[in-house]
Amino acid sequence: MDADFSIELGREDPVLDFPWKDSAGKLAYVDLKRHPELIARIEEAEKFPELKEFLRVMNSARSMVETAKCDAWATTELSAEEEVYDASHKFVSYVDVVFSNIDVRESSLRQSSLREPSLRESLPAHEQFARKLVELLRRVPETPSAAEVCVRRCYFGEGGGVRQGFYCTLYVSGYGNDSASARQNWAVALKLMGNAIMQLSASGVG
């Protein structure tokens with residue numbers, strides 16, 4: 001799988017408020033880590049079973065991360081760089097994740113060389129996570145798919161205050177000559193992404 005990561009901390013780069021809600025008040029963060037039964041509230045998860053399963057895995061007790069936002073869509077608009085896939089269709093998703101603040105998970109991760117007060121505030125921890133995740137994804141068998149891990153700035157609202165930290169956006173794309181094959185290749189790539197994150201969760205980022 002083609003995989004890469006980037007650090008995006010510029011003024012014009014995306015940021016995340018965690019927890020979040022839209023300005024209209026119609027959409028808001030759903031805590032699937034502690035309330036997995038609320039997954040039915042995630043419209044995208046109900047529409048795409050493959051994404052629903054990915055969210056379940058990412059928010060499981062064994063996962064070092066928890067999800068904040070997601071979306072998935074099909075398109076026939078491909079960039080010049082994507083011509084290498086010789087495809088006419090693409091299916092793509094993104095999932096925003098933050099390091100879980102569940103005590104047992106953070107305690108195990110602090111056994112690594114990264115001894116920051118909070119993993120959520122540690123840029124080195126996020127960069128190492130992204131780097132190791134990409135390394136794992138590049139080892140999987142070649143598929144018409146791509147993954148990108150973007151480290152971005154996050155503002156965590158806790159106890160009436162706001163802490164500045166980081167989060168990762170996980171992009172997964174599948175390519176094909178029709179919508180069905182593109183979605184199938186995306187589903188395979190999304191499963192591989194999930195497996196890689198669970199492997200990292202078992203070993204930590206150190």
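**Pockets and core**

Tutor: The lining of the second largest pocket has eight nonpolar, one polar and five charged residues. Here Ala, Val, Leu, Ile, Met, Phe, Trp, Tyr, Cys and Pro count as nonpolar, Asp, Glu, Lys and Arg as charged, and the others, Gly among them, as polar. This is a predicted model: local features need pLDDT of at least 70, side-chain atom pairs count only at pLDDT 80 or more, and totals for chains, interfaces and linings use all residues. Residues are numbered from 1 along each chain as its sequence is written, and side-chain values use heavy atoms, with hydrogens and water left out.

Student: Which residues are closest to the centre of that second largest pocket?

Tutor: Of its 14 lining residues, E82, A146, E148, S173 and Y175 are the closest to the centre.

Student: And what is the volume of the largest pocket?

Tutor: About 370 Å³, where a volume is the space filled by probe spheres set on grid points joined across faces, edges and corners. A pocket is, on a 1 Å grid over the protein atoms alone, an open set of points where a 1.4 Å probe fits, with protein on both sides within 12 Å along at least five of seven lines; lining residues have an atom within 4 Å of a point.

Student: What classes line the largest pocket?

Tutor: Its lining has eleven nonpolar, one polar and four charged residues.

Student: New topic: what does L133 touch?

Tutor: Leaving out residues up to four places away in sequence, L133 touches V149, L170, M193, A196, I197 and L200. Contact means heavy atoms within 4.5 Å.
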